[in-house]
Amino acid sequence: AEDWFTLAVVGQFKRGKSSLMNAIIGREILPTGVLPLTSAITVLRYGPKERLIVDKENALYPSELPIAELPGYVTEKGNPRNEKKVKTVYLELPVPFLRYGLEFVDTPGVGSAIAANTTTTYNFLPSCDAVLFVTSVDTPMTTVELEFLNTIKEYVHKIFFIVNKIDLVADNERKEILEFVTQTVQSNAGISIDRIFPVSCQTALAAGTSGN
């Protein structure tokens with residue numbers, strides 16, 4: 001009805017969700033780091049000029065702020081345990097990928113010590129039209145991820161599977177990891193995977209920003 005399609009990037013914390021979005025956008029704009037993001041939804045959408053709009057829980061109107069202030073609202077360092085009561089952050093960018101009504105959404109990682117992050121992401125699932133589910137080669141498909149997948153499939157019927165950090169393993173190990181993910185998801189979540197996308201977000205971002 002609103003002519004929006006909501007594509008959310010979801011997964012366990014520290015899987016590289018924000019890095020994946022940066023790589024697709026071709027710009028290191030979403031903060032990444034060693035700590036989990038705070039419990040706020042970050043929505044990237046098209047705009048003729050760059051704008052950062054912060055919607056807080058008890059505010060009458062959203063606030064428009066400089067884009068440089070984004071880490072102060074969506075990182076644990078800038079906004080510990082979401083003490084600023086941020087509900088949603090909107091980042092408008094003149095990016096062709098977003099032009100035709102796509103909301104590209106970064107969600108807090110599930111399974112961290114910050115319980116509010118997991119709750120925020122679970123609550124957002126009914127708003128999703130499709131999701132990119134991100135796992136990684138270091139510990140693929142944990143119990144937390146499988147539990148999360150079983151909840152996702154109740155709300156979202158289109159799930160794309162991403163295996164990040166593929167550059168950390170040798171070529172002969174890649175096939176084994178992808179087969180493990182496929183079989184684990186099928187056995188424990190009952191989801192049939194037609195295709196998995198193995199990626200290295202860091203390498204992709206470096207290539208994109210250097211024009212390679």
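## Thr 88 and its surroundings

Thr 88 sits in strand E5, residues 86–93 (helices, H or I with at least four residues, and strands, E with at least two, are DSSP runs numbered from the N terminus). Setting aside residues up to four places away in sequence, Thr 88 touches Ile 41, Val 43, Ile 53, Val 54 and Asp 55, where contact means heavy atoms within 4.5 Å. With a relative accessible area of 12%, Thr 88 is buried (buried is under 20% relative accessible area, exposed over 50% and partly exposed in between, with a 1.4 Å probe and protein chains only).

A word on the model: it is predicted, so local features need pLDDT of at least 70 and side-chain atom pairs count only at pLDDT 80 or more, while totals for chains, interfaces and linings use all residues. Residues are numbered from 1 along each chain as its sequence is written, and side-chain values use heavy atoms, with hydrogens and water left out.

## Thr 120 in helix H3

Another threonine to look at is Thr 120, found in helix H3. Thr 120 is buried, with a relative accessible area of 19%. Its contacts, not counting residues up to four places away in sequence, are Ser 39, Ile 41 and Pro 108. Thr 120 and Ile 162 lie 42 residues apart in sequence and 21 Å apart in space, C-alpha to C-alpha.

## The enclosed helix H1

How much of H1 is buried? Of its 9 residues, 8 are buried, so H1 is largely enclosed by the rest of the structure. Those buried residues are Lys 17, Ser 18, Ser 19, Leu 20, Met 21, Asn 22, Ala 23 and Ile 25. Their cover includes E1, E2, strand E6 (102–106), E7, E8 and helix H6 (201–209).

Just after H1, Gly 26 takes a positive phi of about 80°. In the loop between E1 and helix H1 (17–25) you will find Lys 14, whose phi is near 65°, a positive value in a residue other than glycine. Lys 14 counts as partly exposed at 36% relative accessibility. Lys 165, in the loop between E8 and H5, also has a positive phi near 65°. Lys 165 is partly exposed, with a relative accessible area of 22%. For context, most residues other than glycine have a negative phi.

## How H4 meets H5

Helix H4 (residues 143–155) packs against helix H5 (residues 171–189) at an angle of about 65°, with the axes 10 Å apart. Here the axes are lines fitted to C-alpha atoms, for helices over the stretch in contact, and angles run from 0 to 180 degrees between N-to-C directions.

On the H4 side, Leu 146, Leu 149, Asn 150 and Lys 153 make the contact, and on the H5 side Thr 184, Val 185, Asn 188 and Ala 189. These residues divide into 4 nonpolar, 3 polar and 1 charged (Ala, Val, Leu, Ile, Met, Phe, Trp, Tyr, Cys and Pro count as nonpolar, Asp, Glu, Lys and Arg as charged, and the others, Gly among them, as polar).

## Two nonpolar cores

The largest nonpolar core has 30 residues, and those with the most contacts inside it are Val 131, Phe 133, Leu 149, Ile 152, Ile 159, Phe 161 and Val 185. A nonpolar core is a set of buried Ala, Val, Leu, Ile, Met, Phe, Trp, Tyr and Cys residues joined through side-chain atoms within 4.5 Å. The elements giving two or more residues to this core are strand E1 (5–11), strand E2 (41–46), strand E7 (130–136), H4, strand E8 (159–164) and H5. Apart from this core lies another, of 28 residues, among them Leu 20, Ile 29, Leu 102 and Val 134.

Phe 133 counts as buried at 1% relative accessibility. Beyond residues up to four places away in sequence, Phe 133 touches partners including Val 10, Met 141, Leu 149, Ile 152 and Phe 161.

## A cluster of rings

There are 4 aromatic pairs (rings of Phe, Tyr and Trp, its six-membered ring, pair if their centres lie within 6.5 Å; planes under 30 degrees apart are stacked, over 60 edge-to-face and the rest tilted). Tyr 122 and Phe 148 form a tilted pair, 5.1 Å centre to centre with 45° between the planes. Tyr 122 lies in helix H3 (residues 115–124) and Phe 148 in helix H4, so this pair ties together parts 26 residues apart in sequence. Tyr 122 is partly exposed, with a relative accessible area of 25%, whereas Phe 148 is buried at 0%.

Phe 133 and Phe 148 form a tilted pair too, 6.3 Å centre to centre and 40° between the planes. Ring pairs link Tyr 122, Phe 133, Phe 148 and Phe 161 into a cluster.
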